[in-house]
Structure formats: C-alpha cells, structure tokens
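Q: I'm new to this one. Can you walk me through it?

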Amino acid sequence: QVQLVESGGGLVQPGGSLRLSCAASGTIFSVNVMAWYRQAPGKQRELVAEIVDGVNANYADSVKGRFTMSSDYAKNTWYLQMNSLKPEDTAVYYCKMVGADSPSNYEYDFWGQGTQVTVSS
C-alpha cells in the first residue's frame, strides 16, 4: 500500500529554479534507495539523482553542480532542488523508492506518478 506523490513541477524560464518533493506514505518497513528520474518525450527514462543507504547523493553528470538532492528518512520524504535550469531539463520527473512494505526480505520498486517540469522562455 505504499504510495509516492511528487509535487513542485511547473513552468520556469531558463536559469530559474524549482524544488521537487516526493512524499511516500503507507506501511514502509525499510528504504534502501531514494531517487529521482526523468523522461523527456520520445526518450528513455534516465536517473537524475539517488541516495543509496542514506549516504551522500549521486548525480548524473548532466546535472552535477546544478541539482541537489536531499532526504528526510524520518518523514519518508525526499527533494530535488534544481537551479540554473536549462531547456534540456524539460521532462516528466519521477521519484522512486526501493524498499519493503512488509517485514519480509522482499524489496520492490515504488514509483510516483510524475510531475512535469518545463524550462522555456
């Protein structure tokens, strides 16, 4: 019954900023990965940033120095601060969690519904 909900997307001019949020709800027993992906029309979904086992975030080369991912494990929430946005950043952004929703050892990928980010003048 885990549900992920993204928010914070919208239309922004080049050079602008947005902050995305992902809130996970339901019965969550463990979280191993919190991540952000994006998918532009006609293209494959790609990893933007992730936090694995609570350590520092890893970023795609295309967003290093511009995007910052953070998390609040206690609230099962993670964020993506996007600065110096470029038209190439236009995509639907999805949050993902790898974790367990029961005391078993089975883990699953949970995905949010996506939030649109459009960078255009």
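This is a predicted model: local features need pLDDT of at least 70, side-chain atom pairs count only at pLDDT 80 or more; totals for chains, interfaces and linings use all residues.

**Strands and salt bridges**

A: Let's start with a pair of strands. Strand E4 joins strand E5 (residues 46-52) through six bridges, and the two run antiparallel.

Q: Which residue stands opposite Ile51 of E5?

A: Met34 does.

Q: What about the hairpin of E4 and E5, how many residues lie between the strands?

A: Six residues lie between them. Gly42 in this hairpin takes a positive phi near 75 degrees.

Q: Which way do E4 and E9 run, parallel or antiparallel?

A: Antiparallel, with nine bridges joining E4 to E9. Here Met34 turns up again: it stands opposite Met97 in E9.

Q: And is E4 mostly covered or uncovered?

A: Mostly covered. Eight of the 10 residues in E4 are buried.

Q: Okay, new topic. How many salt bridges are there?

A: The count comes to four.

Q: Which residues are linked in a network?

A: Arg38, Glu46, Arg66 and Asp89 are linked by salt bridges.

Q: Take me through it. What does Arg38 meet?

A: One partner is Glu46, with N to O at 2.9 Å. Another is Asp89, also listed at 2.9 Å, N to O.

Q: Why does the Asp89 and Arg38 pair tie together parts that are apart in sequence?

A: Look at where they sit. Asp89 lies in the loop between strand E8 (77-82) and E9, and Arg38 lies in strand E4 (residues 30-39), so the pair ties together parts 51 residues apart in sequence.

Q: Where does Arg66 come in?

A: Arg66 meets Asp89 in a salt bridge of 2.8 Å, N to O. Arg66 lies in the loop between strand E6 (58-59) and strand E7 (67-72), while Asp89 is in the loop between E8 and E9, so this pair ties together parts 23 residues apart in sequence.

Q: Are Asp89 and Arg66 buried or exposed?

A: Both are buried. Asp89 has 2% relative accessibility.

Q: What about Arg38 and Glu46?

A: Arg38 counts as buried because its relative accessibility is 6%, and the cut-off for buried is under 20%. Glu46 is at 36%, so it counts as partly exposed.

Q: Which way do E2 and E11 run, parallel or antiparallel?

A: Parallel. Three bridges join strand E2 (residues 10-12) to E11. Within this pairing, Gly10 stands opposite Val117.

Q: And how do E9 and E11 run, parallel or antiparallel?

A: Antiparallel. Three bridges join strand E9 (residues 91-100) to E11. Tyr93 stands opposite Thr115 there.

Q: Last topic. What is the order of the open sheet of four strands?

A: The order is E1-E3-E8-E7, with antiparallel pairing.

Q: Which strands stand at the edges?

A: Strand E1 (3-7) and E7 do. Each has a single partner strand, so one side of each is left without a neighbour in the sheet.

Q: What does the twist average?

A: It averages 15 degrees from one strand to the next.

Q: And how many bridges join E7 to E8?

A: Six, and the two strands run antiparallel. In that pairing, Asp72 stands opposite Thr77 in E8.

Terms used: Residues are numbered from 1 along each chain as its sequence is written. Side-chain values use heavy atoms; hydrogens and water are left out. Two strands pair if DSSP finds at least two bridges between them. A salt bridge is a side-chain nitrogen of Lys or Arg within 4 Å of a carboxyl oxygen of Asp or Glu. Buried means under 20% relative accessible area, exposed over 50%, partly exposed in between (1.4 Å probe, protein chains only). Axes are lines fitted to C-alpha atoms, for helices over the stretch in contact, and angles run from 0 to 180 degrees between N-to-C directions.
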